[in-house]
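Please look over the structure below together with its sequence. A short report on its folding and packing is given after it.

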Amino acid sequence: MKEENTSSRRKYNSLVSNPAVEDYSLRYVPKSFRKWSEFTVANSALGGIAYLADFAIGGSLAVTYGFTNAIWGIIIASIIIFSTGLPIAYYSAKHNIDMDLLTRGAGFGYLGSTITSIIYASFTFIYFSLEGSVMAQAISLYFGINIRIAYAIAALIIIPLVIYGMTFLSRLQLYTQPLWFILMLTPLIVILNKDPSSLSVWTSFGGEAKTIQFNPLLAGLAAGVVLSLIAQIGEQADYLRFMPEKSSRNSKKWWLFVILAGPGWIFLGMFKQIYATFLASNIVSTLGAVKATEPIYQFLFGYNLLFGLPIISLTIATLFILISQIKINVTNAYSGSLSWSNFFSRVFHVHPGRVVWVMFNVLIALTLMELGVFYELNFVLGFYSNVAIAWIGAVVADLIINKKLLKISPDYIEFKRGHLYKINPVGFVPMVLASVISIVAFFGLLGPIAQAFSPFISLAIAFLLTPVMAILTGGKYYIARKSDIVNEEHECVSCGFTYEKSDMLYCSYHKGSICSLCCTLERSCHESCKDGLKPFRLTR
């Protein structure tokens with residue numbers, strides 16, 4: 001009977017072991033698969049930053065809070081996003097693991113990070129819905145079809161494009177990047193050249209707040225919306241895990257592209273948001289507040305000045321939006337599939353394949369699009385940022401303080417189920433407390449000042465409490481057991497494939513080496529891999 005179960009299990013597991021499709025979605029990326037150069041990985045990672053939600057966000061902030069407070073909110077949030085993204089980018093590129101695996105070993109434990117998988121998956125489908133809405137607005141306007149039908153087209157067209165993961169995404173981003181930059185910058189150059197007064201209109205725009213004076217509360221609220229993008233580093237990490245090994249020969253180039261493709265994404269994001277405040281402030285008086293936040297109308301403004309013919313302007317603007325939104329939503333769908341794969345494999349020990357979760361993520365996003373999430377942008381993103389920043393704050397505190405300064409956390413990232421405790425309170429508890437308190441503040445229950453700065457409260461609690469928890473627990477819950485693996489490669493007793501030692505562990509139930517994914521999917525060996533087993537030596 002055991003032989004039959006083993007045969008069945010091997011057949012099942014082999015179905016989801018095609019690297020071209022699965023992209024090592026639940027495991028360490030081996031050296032043999034990391035065949036791309038530093039530039040190619042970075043270009044692919046930055047290709048996803050073509051998204052136009054930044055223009056919707058920037059336009060919305062300008063219309064709501066005015067020029068001054070929108071700009072200050074964007075700048076403050078961007079500094080925080082860069083600072084928190086740097087250590088995450090480094091560890092992901094160095095250890096070749098995605099954000100979920102990194103979170104497991106950075107203070108959350110094996111099941112503790114299931115919550116963060118949901119947080120990250122929420123990021124991908126919220127932003128997919130926003131980006132898809134922008135694409136649908138362009139499709140609806142250009143082809144004259146109902147917006148709800150356009151929503152479905154904008155969502156479903158992404159599925160076939162994202163099936164082959166990094167292999168396809170790297171090519172897509174490389175070939176479309178130059179055209180995208182040209183189409184994005186052309187309206188700005190044209191407007192500044194043909195309408196010099198546009199700058200004064202921009203800097204004197206007070207928005208619905210009716211002020212150009214700096215107001216800390218308004219700037220804080222604006223920053224809170226932008227801080228929802230803090231989880232974008234997770235999508236960057238999904239690409240950075242394919243970075244080649246860092247060596248003395250490529251050290252400078254490796255660091256350059258890790259920074260650019262990791263936290264450096266925010267430089268382009270900040271530029272786009274500020275650019276959007278410029279566009280929105282110049283069209284709001286003629287088109288109204290709602291259309292001023294829609295990228296299709298923002299870019300039509302510039303292209304109309306250039307071409308003068310509405311049909312040409314609309315065609316070029318629609319082309320730009322379609323390119324932009326396809327570039328980002330393949331990334332949102334891809335990253336969402338990784339996150340859902342991680343969540344369901346751990347909770348239910350099932351992994352039907354990454355493609356299933358691509359479709360699942362897209363359908364959730366489509367539902368949000370149909371519910372009109374785009375027009376509740378400030379509220380949705382402001383609320384979400386409180387939770388996202390609690391997660392990121394706890395992870396960063398563990399990587400910087402607990403690992404480097406206090407040296408309580410191990411100096412490596414352990415992500416394998418058999419080596420981890422189910423929940424590590426070091427990161428998990430601060431994240432939960434920070435999320436709850438900041439959400440209470442967000443809804444105004446702690447006063448207007450706390451409401452304006454609720455994301456900052458979330459960051460402070462998570463960042464400061466994480467090292468406190470590490471000291472109180474003495475680092476006890478980081479590693480349940482250790483391994484001393486000798487051989488470079490091992491054959492998995494479950495699926496029969498050979499993997500590098502970084503992805504292998506010893507299974508006391510099967511009495512042999514097992515890969516991290518098969519260990520995750522196993523139900524029968526759960527009791528044998530209980531927390532706290534003694535160290536072992538894997539020599540086969």
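## Overall make-up

The model is predicted, and local features are taken only where pLDDT is at least 70. The protein has 23 helices and four strands. Of its 540 residues, 61% count as buried.

Contacts in the protein can be split by distance along the chain. Among those with a separation of 6 or more, 82% are between residues 24 or more positions apart.

## Nonpolar cores

The largest nonpolar core has 141 residues. Within this core, the residues that touch the most other members are Ile57, Leu61, Ile88, Tyr127, Phe299 and Trp391. Helix 4 (residues 53-95) gives the largest share of the core, with 20 residues. Apart from this core lies another, of 12 residues, which includes Cys495, Cys507, Ile514 and Cys518.

Leaving out residues up to four places away in sequence, Leu61 touches Gly66, Ala70, Ile74, Ala222, Val225, Val226 and Asn378. As a general point, nonpolar side chains in soluble globular proteins tend to be buried together.

## Helix 6 and helix 7

Helix 6 spans residues 114-143 and helix 7 spans residues 147-156. Their axes come within 8 Å and cross at roughly 125 degrees. Helix 6 and helix 7 are therefore oblique to each other, and helix 6 passes helix 7 in a right-handed crossing.

On the helix 6 side, the contact is made by Phe128, Gly132, Ser133, Met135, Ala136, Gln137, Ile139 and Ser140. On the helix 7 side, Ile147, Ala150, Tyr151, Ile153, Ala154 and Ala155 take part. By class, the residues of the contact of helix 6 with helix 7 are 10 nonpolar, four polar and no charged.

## Helix 5 and helix 19

Helix 5 (residues 99-108) packs against helix 19 (residues 377-405) at an angle of about 60 degrees, and the axes are 9 Å apart. Helix 5 and helix 19 are therefore also oblique to each other. The crossing in which helix 5 passes helix 19 is left-handed.

In helix 5, the contact residues are Met99, Leu102, Thr103, Gly105, Ala106, Gly107 and Phe108. These meet Trp391, Ile392, Ala394, Val395, Asp398, Leu399 and Lys403 in helix 19. The contact of helix 5 with helix 19 has nine nonpolar, three polar and two charged residues. Trp391, listed here on the helix 19 side, is also one of the residues that touch the most other members of the largest nonpolar core.

Which phi does Asn96 have, positive or negative? Asn96 has a positive phi of about 55 degrees, although it is not a glycine. Asn96 sits in the loop between helix 4 and helix 5. With a relative accessibility of 2%, Asn96 counts as buried.

Lys210 is another residue other than glycine with a positive phi, near 55 degrees. Its place is in the loop between helix 10 (198-203) and helix 11 (216-226). Lys210 counts as exposed, at 73% relative accessibility.

Ser200 is found in helix 10. Its relative accessible area is 41%, so Ser200 is partly exposed. Ser200 and Phe278 are 78 residues apart along the chain, and their C-alpha atoms are separated by 9.9 Å.

Note on methods. Residues are numbered from 1 along each chain as its sequence is written. This is a predicted model: local features need pLDDT of at least 70, side-chain atom pairs count only at pLDDT 80 or more; totals for chains, interfaces and linings use all residues. Side-chain values use heavy atoms; hydrogens and water are left out. Axes are lines fitted to C-alpha atoms, for helices over the stretch in contact, and angles run from 0 to 180 degrees between N-to-C directions. Helices (H or I, at least four residues) and strands (E, at least two) are DSSP runs, numbered from the N terminus. Angles under 35 degrees count as roughly parallel, over 145 as roughly antiparallel, 65 to 115 as roughly perpendicular and the rest as oblique. A crossing is left-handed if the near helix is turned anticlockwise from the far one by less than a right angle, and right-handed if clockwise. Contact means heavy atoms within 4.5 Å. Ala, Val, Leu, Ile, Met, Phe, Trp, Tyr, Cys and Pro count as nonpolar, Asp, Glu, Lys and Arg as charged, and the others, Gly among them, as polar. A nonpolar core is a set of buried Ala, Val, Leu, Ile, Met, Phe, Trp, Tyr and Cys residues joined through side-chain atoms within 4.5 Å. Buried means under 20% relative accessible area, exposed over 50%, partly exposed in between (1.4 Å probe, protein chains only).
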